[in-house]
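Visitor: I have the sequence and the structure open, and I would like to be walked through some of the local features with care.

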Amino acid sequence: VEDVDDRFLLDAARAGDLDAFAVLVRRHQPAVYRVALRMLGSEADAQDAAQETFVRAWRALPRFRGDSATSTWLYRIVTRRSLDVLAARRPSESLEAAPAPAGTDPAEAAEQHERLRAVARAVAALPPEQRAALVLREFEGLPYDQIAEVLDTTVPTVKGRIHRARTTVIREAAAWR
Amino acid sequence: MALSLGPRLPCGAELDALAEQVAAQAPPADPEHQARCPHCTAALDALGGALGDLETYGRAPVAVPPRLTARIMARVHQLADTLTENLVLVGPRGETRISHRIVAQVARRAALAVPGVLLASAQTVTGNPGDPGRVGMTLRLVIAFGPSVDALAGAVRARVGRVLPRVTGAEVSAVDVVVDDLRIDPDA
């Protein structure tokens, strides 16, 4: 069942087959959760946002005609949800989540961890729209036109936001090197 | 370990301009100065390293919490149950209600048990509101290439018509079969 295409699963889910919807959830939740985590910086908030994303998707199924890819559709929902959550937060509440370092040497690992924390802090401090563009480009590897579709804007705007975000992040993180 | 990097380097170069150059991977505005200036060289090294850190951060795997699917689906089931109809079986000592979702699930599994059916999706068709013990079904199938699509559809209809009343107690009015796709059976 896992290798069947999204279209069959969407049709089945639209007709009320929750098992088909569960396959879609399992298939797309890693990307949805990753975006939410990188946008919100908190595992608890990211889980809430991922759940809300799929609940919204479920509700919107009758209106989703598959004009865009399922992944684009879900990226749109999770990005908007994350932007809403960020907008509702007080500015002091910016959180960051740094990944555990992969190195084996403890001193080197600790240093790398510090540097990645600096990156995470700089990403967390970005204006939300720049942060969304950066996350979709650098972390999800989406092409510019798909990011523009997800964010409801134009390719030049997306490129501008990503450039500003990268400039700010490396300037802030360079101070830690 | 932290460098002190002000907005303007001792040589007069602006850190922002250097950061933009590294972020865009653009050629230097002043290559001769940058090549021999130790301040610029140190800053460019740090910025280049930071760009690498950003890439490392972006590529770091994110573990999905193990219970996330279950949590999401529990909420979706809750929602779906508020919308779905029930099969109602009236007996001498009370009535039994079975969600149409469950009825569809039983039909789906019955269809999947027929050899040659690779995928199945089932939907109940609401019958007469005054007769909630009766349901119709629409089954959508992906089947394996085989000698007779019609015979397979007939086998599915027969099996679902037999299994559904036995398992759920429902009276089955009609079983419509839609063949959605033909595939090469991966197990054949």
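Visitor: In which loop does Gln25(B) lie?

Guide: With helices taken as DSSP runs (H or I, at least four residues) and strands likewise (E, at least two), both numbered from the N terminus, Gln25(B) sits in the loop between helix H1 (15-24) and helix H2 (31-36) of chain B. This is a predicted model, in which local features need pLDDT of at least 70 and side-chain atom pairs count only at pLDDT 80 or more, while totals for chains, interfaces and linings use all residues. Residues are numbered from 1 along each chain as its sequence is written, chains are lettered from A and ligands numbered from 1 in the order in which they are written, and side-chain values use heavy atoms, with hydrogens and water left out.

Visitor: What is phi of Gln25(B), and does the residue count as buried or exposed?

Guide: Gln25(B) is a residue other than glycine, yet its phi is positive, near 50 degrees. Buried means under 20% relative accessible area, exposed over 50%, and partly exposed in between (1.4 Å probe, protein chains only). Because its relative accessibility is 61%, Gln25(B) counts as exposed.

Visitor: Which strands are the edges of the sheet in chain B?

Guide: The sheet is open, with three strands in the order S3-S4-S5 (chain B) and mixed pairing, where two strands pair if DSSP finds at least two bridges between them. S4 (residues 134-144) and S5 of chain B run parallel and are joined by ten bridges, and in S5(B) Asp181(B) is the bridge partner of Val142(B). Each edge strand pairs on one side only, and these strands are S3 (117-125) and S5 (171-183) of chain B.

Visitor: Which helix lies across S3, S4 and S5 of chain B, and at what angle to S5(B) does the helix run?

Guide: Contact means heavy atoms within 4.5 Å, and axes are lines fitted to C-alpha atoms, for helices over the stretch in contact, with angles from 0 to 180 degrees between N-to-C directions. Helix H5 (residues 100-112) of chain B lies across S3 and S4 of chain B. The helix across S3, S4 and S5 of chain B is H6 (residues 149-168), running to S5(B) at about 140 degrees.

Visitor: Which residues touch the most other members of the largest nonpolar core?

Guide: A nonpolar core is a set of buried Ala, Val, Leu, Ile, Met, Phe, Trp, Tyr and Cys residues joined through side-chain atoms within 4.5 Å. The largest has 88 residues, and those touching the most other members are Phe21(A) and Trp73(A).
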